[in-house]
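Please read it with the sequence and the coordinates open.

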Amino acid sequence: MNDEILDWGIAELARRLESREVTTVEVIDAYQEQIAIQEPEVDAFLSLDLEAARRRAIDQDDRRSRGETLGGLAGVPIALKDNLCTTAFPTTAASKILEGWTPPYNATVVDRILAQDGIVVGKTNLDEFAMGSSTENSAYKVTKNPYDLERVPGGSSGGSAAAVASRMALVGLGSDTGGSIRQPASLTGVVGFKPTYGRVSRYGLLAFASSLDQIGPLTASVEDAALVAEAIMGHDPRDATSLQEAAPSLVRPLTEGVRGIRVGIVTNLVDTATPQVQASVLRAAEVLTQSGASVAEISLDELAFGLAAYYVVAPAEASSNLARYDGVRYGLREAGSTVEEMMIATRTKGFGPEVKRRIMLGTYALSAGYYDAFYVTAQRVRTLVRTAFSRAYEAFDLLLCPTSPTTAFRIGERSSDPVEMYRSDVCTIPSNLSGDPAISIPAGVDADGLPIGVQLLGPALSERLLFRAAYAVERGLR
Amino acid sequence: MKTRATTGPAEGWEYVIGLEVHTELKTATKLFCGCPNAFGEEPNTSVCPVCLGLPGSLPVMNVQAVDFAIRVGLALDATIQRSQFHRKNYFYPDMPKDYQISQYDVPINAGGHLELPSGRVIGIERAHLEEDTGKLIHRGGHGRIESAEYSLIDYNRSGVPLLEIVSAPDIRDPEEAKEYVTELRSILVAVGASDGRMEEGSLRVDANVSVRPIGEAGFRTRVEIKNLNSLRSLVRALEFEGLRQVHLYDDGEAMIQQTRFWDEARSVTGALRLKEEANDYRYFPEPDLPPVAPDPDLIEDRRAELPELPSTRRGYLARVLPDLSDDLRETVIADACWPYFRAAIDANITPARAAARCANELTALLADIGVLTPARFVEVLALEDRGELGASQVKILLREACVDSTAVPELIAKLGLSARDVGAIKSMVAEVVAPFADEWERYLDGDEKIAGFLVGQVMRKYGRQISGADARQALVELGDEARKSAD
């Protein structure tokens, strides 16, 4: 029975809970058992509270027995990336500088999940402050890829990806600044969705690069991703960059198909990938063709410059966003004989090497005399990337490319070469720079049995079409 | 531009001064959150995740602050434009995010000018929005951060909206700097953007000052003096700093561009540590806030609603009373006085009389003005204009009209004041003066000293019934009449 419960998607779980075939407590117990088995191996979580989850389950069963109608995520065990503010769990961003800090407020997405009766089981591991592509940059633990415990789950939302992949949670929430939802989804064989910038409120997300950060779901299926996306999208008056548009309906149109849709394969991004990843992209293209879409090739060379521009813009914003961790008000404080010494000692001890590297990169890029050469130039490249996408979307409705050029790499393999690590993001970064939506869909495994992901990209606010196509690819490849 | 006599720091030298005035806008809530914008609360009670800069919090623009900024911009004849917020990055414990959200190259108000009472026009470079910091309280040592044993931080002020108004380097001496701040303050109060309370820190001034030999065209190296929190400090700091710079040049020493602070106790400016001024603020556009694009309709509405500004009142006065002294003029145009003066002019009261009664009698009564409305004020002045009441009677009547709402004619009767009384006083004076024929002739010939003697005689006899001023007034009127009939 337990194994069966873990197989159910959100819709099926809801049906079985409604028909009283299973209780919410039984669901949580099944997941608790799975966590007990998997977590010691995978190390996906930074904090867990299954007792609280069970209390919430009991309450939901009570409410259901009293005839109440529950929310759309009732009984769904959810893992939150530990850079989302929660009053019920500490929020550390996997950094020593915030060890033990519990926010006095919930992120807007957390409130929305709770309003839909989602059950948060714990907070998941990440690269410190979401800076990384492997989750190795966590100050607390290294999360393992459930497909091969010697390998990374990707990052930075590696904890949420691994938790969903190993069925310790039905839904994971992550944040995506340069691919941090999609790349780990790809490396762990789950679906990862980054919404249009402004679709999901960033209020309560510990900022990495404010103009790029978006929160989104990691799930076992496209349908589950659509359900969660519907629940968390929509305007929030507490985020000035949040779009006014109401959350679109995504689940209902899933089955409308892709007949007549024009899809472009981005050849120069395909070229960055290993042959096995390339083959998966082509299989996905074939599925789309068979479903009635027209598929053609397009090369968007400007997208390749995105990587360099990203590694200026993101560190620049991060250098400012992370200034507040100074030991004065919360988190770690190291002793110092002056305020300045205290701040330096706190930040020296509290931040890990990758975070320090990016703060230095960003500080440099914003400095007098370098600002024009770095920050301004990077913004121009960002415009160039947007222009390239606009040109592509004159000819195509959606674009198709790999999510990650490779499958999961070994733990430690790229730690000594940050630039090689940064290259993992070449296919995902352009969507963050343009603010457009993108989704990674599992597309088989390589010769070593490691998951491969393919990525669909669409113009701003094209989520409905994007999900329809993702659903078609998912069904065709199964 | 009018010229004006200025006072240099030393013979042959002149000041070049530009001021940055920070004013707290009196919005209901802070600039980026819903916390009350209140002064004097218990420390750290008007705070929330946003103004404490807690991880994950985001700023949301307060539209009322934009509204106030627009009103000030209009009053200063600035160009109101689509503006962008920037982050000004530097570490300081009173700043919870370790960056300040401010405006940089595209402020909401660009350009503009302010006309001083002297007629001199001072250029305005910009007036931009930014958030205030928290307040540091240093304990022990000399009350400065370096020597303190420990420091406390009150974040109630963190996120309070500020408008920073930057003048061009057009100000030429410390008194003019004072005049500028006073005039700017009255404008800020008039448009309702600020309560103008310098003592509560709602108006704070930084001054950029350099000196140059009179006649030299370019600007020399300037020094910024921070946090001048009273007009007195402003004038004294500028005087000290001007002289210090002249002495440096006289001694052949190099002037370095630096930030200094005014040490009130020692009456000197002192240099801040070099480290504190070596800041590279690494400005970049604030990604959490979209540009602020004021609605053109709102701007036009605000333009139409703009209250009468001091310069407009001065212009009006220059037409109706060109010879008014500066002091009288500034008293009359004050907000409390002005409605009374305007009502008097509109009712065709002699302008000089209206100005005199406003400046002398009315200002003394303003604190307890009670039921003395502009209409009643005008009614009293009209009686004086028609010669039905004397000056001293008017004074008594105005004082009484503040506390007694009885209609003016009944009030006159009640107080035993009447037009006949003027005649009665004249009769008393005439009666007393009659035996002093020689003195009377000397008085009529313009011997003012003898007037005192004659009034003294009147007072000796009727001192209990009439005042000296009334007696003198009656004497003047009798004299005028006598001279007139002699013509």
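1. Basis of the note. The structure is a predicted model, in which local features need pLDDT of at least 70 and side-chain atom pairs count only at pLDDT 80 or more, while totals for chains, interfaces and linings use all residues. Residues are numbered from 1 along each chain as its sequence is written, and chains are lettered from A and ligands numbered from 1 in the order in which they are written.

2. Overall form of chain A. Chain A holds 17 helices and eleven strands; these are DSSP runs (helices H or I, at least four residues; strands E, at least two), numbered from the N terminus. The radius of gyration of chain A is 21 Å, close to the 23 Å that the globule rule gives for 478 residues, so chain A is as compact as a globular protein of that length. That radius is taken over C-alpha atoms, and the rule is 2.2 Å times the number of residues to the power 0.38. Along the principal axes, the C-alpha atoms of chain A fill a box of roughly 65 × 55 × 45 Å.

3. Of the 478 residues in chain A, 60% are buried. A residue is buried if 20 or more other C-beta atoms lie within 10 Å of its own, exposed if 12 or fewer, and partly exposed in between, with C-beta atoms placed from the backbone. Two residues are in contact if their C-beta atoms, placed from the backbone, lie within 7 Å. Among contacts in chain A between residues at least 6 apart in sequence, 75% join residues at least 24 apart.

4. Helix α4 of chain A. This helix (residues 50–65) has 16 residues and reaches 22 Å from its first C-alpha to its last, close to the 22 Å expected at 1.5 Å a residue; the expected span is 1.5 Å times one less than the number of residues. Which residues of α4(A) are buried? They are A53(A), R56(A), A57(A), Q60(A) and D61(A). These residues cover an arc of only 140° around the axis, which puts them on the same side of α4(A); the arc is that of the directions from the helix axis to the C-beta atoms. An α-helix has 3.6 residues a turn, so residues three or four places apart point the same way. On the other side of α4(A), E51(A), D62(A) and S65(A) are exposed. The cover over the buried residues of α4(A) includes α3, β2 (77–81) and β3 of chain A. Just after α4(A), G67(A) takes a positive phi of about 90°.

5. D43(A) has a phi near 55°, a positive value in a residue other than glycine. It is found in the loop between α3 (24–42) and β1 (45–48) of chain A, and counts as buried because 22 C-beta neighbours lie inside 10 Å. L461(A) is not a glycine either, yet has a positive phi of about 65°. This residue is in the loop between β11 (451–457) and α17 (463–477) of chain A. With 17 other C-beta atoms within 10 Å, L461(A) is partly exposed.

6. The loop with the cis bond. The peptide bond from G155(A) to S156(A) is cis, with omega near 10°. S156(A) is found in the loop between β3 (119–124) and α6 (158–165) of chain A, and M131(A) is found in the loop between β3 and α6 of chain A. M131(A) is buried, with 30 other C-beta atoms within 10 Å. Not counting residues up to four places away in sequence, M131(A) touches N137(A), S156(A), F208(A), E354(A), V355(A) and R358(A).

7. Contact between the chains. The contact takes 32 residues from chain A and 26 residues from chain B. On the side of chain A that touches chain B, the elements giving two or more residues are α11 (302–321), α12 (339–350) and α13 (353–366) of chain A. The largest share of that side, three residues, comes from α11(A).

8. Domains of chain B. The domain assignment gives domain 1 (13–304) and domain 2 (310–486) of chain B, with bounds that come from an automatic or database domain assignment. Their C-alpha centres lie 46 Å apart. Six residues of domain 1 of chain B are in contact with six residues of domain 2 of chain B. Helix α2 (residues 174–190) of chain B gives the most to the domain 1 side, with four residues.
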